[in-house]
Amino acid sequence: MIAVLAFGASWIGAVWYWRANNRMPATDDLVLYLLVLPLALLAVFWLGRMIYRAVSAPAAGAAAGDAAAQAEAPAQPARGPSLSLVAAAVRAPHGMSPAELSATLADDNPRPALDPELIDAYGYPIMSARIGDLDADALRAEMSDWLEANALAPHFNDEQWRALSAGSEVVNELSGHLAGHTLLEAHAGHIAQREPSPLPMLQLHPVWPPEWKPEQRQATVLWFRHLAIQAGWPEDRITLAPERGAADTEAGTVLARLLSNEPPALALVVACGSHIGTDSVERMDNATALFGSNHPQGRIPGEGAAGLLLADAVQARLLAFGAELPQLLAMSSGQLAHSADASKRSSADLLQELSTKALHGAGREASSIALIAADTDHRTSRVMELMGVVSASTPQLDPGVDVLSVGASCGSCGGVTWLTALALARQEAESRNAAILCISNLDPFRRDVAVIGPAVAVPV
């Protein structure tokens, strides 16, 4: 091509020049312009290319050496502190444990059904996600005696008793893991000798439904504390997390604070709630937020409880000597400028940004994510937002297989649904030995992303 261009340009230029000047070329003109000139152009091009290669060779060699060095030791983003997820517990409509719920969601893809008791304002049965064998009466009898003995008199409605029953089971299960702490026996000896206890403070962090009143929250957190004490944890080594505001009781806020704390951490985070009751259904119906044939973008009431037992490296070693535990690597949270319920067009920009930030904080690449667990429900805006993150950030995942949406199966129950998704993420990280992305977009404004790392051996 270079030769064709050189000869073509020379010949066309020469013919044009001779015709423009009305000149008949002599023999030497023909040789000079039709043969010598194009060969000279080719020679100049060849020499220029040789000079360029000679000059650029050292720089290319240096660049190749740098690339090889980077390939041998790839730069990774700096990872922040992490917490060991010692245990997780759930009580959900389709599973009484993270493993059972994960298997059910993966195999059966269950959905809410018509509720046998609840109806809407027109007298039609509504869709709900109810825990079928939840026994609230037994808990009501036991807790009522305890409330009376401690001079507490909050009023709980039927759905709150259902929530308390599920929450108490979760706290009992997680408190049982504390019995293996190696410093429990030493604590008794130090107390007898009036010496400082070697045991850490167990931080109790409840995640409250927004409709619960202060007196109900106070009685419930004291009850959960009572359950931990009954399980064997010393009364003087439990601290109740203070409430600093509405956002302070969000699971994402609690976990982010625990990750950023420098002192030794041992924390129990628990959420319980129920919308399976006439009060919740009426409230949702009056706000035009209840799912129905005339409102397919409404919420489906759900119920349940979920909890996580978290520990730093020191406490994880004392709790689970030599065990391998999944890790909470990073948390990222943000707020939408406008309600997702009122927006006509869903956007995944904020959720993608938070996912990128969380992955960077965890020192992980998006390609390493093996599954996404989310609290996303059936609503189009939430589904499209989640799918936007899947397609943009984790295209290696199959949306039909590698995305578990808790809200779509277990209904809407605020912080319970998000904490249940985190418990599922812990389960999957342990079983798959891979990193899991956990996403919350159920709330109209708040967005949370967590990265759960695979199980690693607790340092001995």
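This is a predicted model: local features need pLDDT of at least 70, side-chain atom pairs count only at pLDDT 80 or more; totals for chains, interfaces and linings use all residues.
## A strand and its neighbours

S1 and strand S7 (residues 303-311) pair in the antiparallel sense, with seven bridges between them.

S1 also pairs with strand S8 (residues 324-335), again in the antiparallel sense, over two bridges. Here Leu83 faces Leu328 of S8. How many of the nine residues of strand S1 (residues 83-91) are buried? Nine of the nine are, so the rest of the structure largely encloses this strand.

## The whole sheet

Strands of a sheet pair through backbone hydrogen bonds, in either a parallel or an antiparallel way. In this model, 10 strands make up an open sheet with mixed pairing, in the order S5-S4-S6-S7-S1-S8-S12-S11-S9-S10. Its edge strands are strand S5 (238-240) and strand S10 (403-405), each pairing on one side only. From one strand to the next, the twist averages 25°.

Helix H7 (residues 214-230) packs on the sheet and touches strand S4 (202-207), S5 and strand S6 (266-274). The direction of H7 makes about 165° with that of S5.

## A nonpolar patch on the surface

Now to the surface, where Val31, Leu32, Tyr33, Leu35, Val36, Leu37, Leu39 and Leu41 form a nonpolar patch. Together they have about 640 Å² of accessible area. One of these residues, Val36, is found in helix H2 (residues 27-72). Val36 counts as partly exposed because its relative accessibility is 41%, between the cut-offs of 20% and 50%.

Key:
Residues are numbered from 1 along each chain as its sequence is written. Side-chain values use heavy atoms; hydrogens and water are left out. Buried means under 20% relative accessible area, exposed over 50%, partly exposed in between (1.4 Å probe, protein chains only). Helices (H or I, at least four residues) and strands (E, at least two) are DSSP runs, numbered from the N terminus. Two strands pair if DSSP finds at least two bridges between them. Patches are made of residues with over 30% relative accessible area and no salt bridge: like charges are joined within 9 Å, nonpolar side chains (Val, Leu, Ile, Met, Phe, Trp, Tyr) within 5 Å. Accessible areas come from the Shrake-Rupley method with a 1.4 Å probe; for residues, only the protein chains shown count as cover. A salt bridge is a side-chain nitrogen of Lys or Arg within 4 Å of a carboxyl oxygen of Asp or Glu. Axes are lines fitted to C-alpha atoms, for helices over the stretch in contact, and angles run from 0 to 180 degrees between N-to-C directions. Contact means heavy atoms within 4.5 Å.
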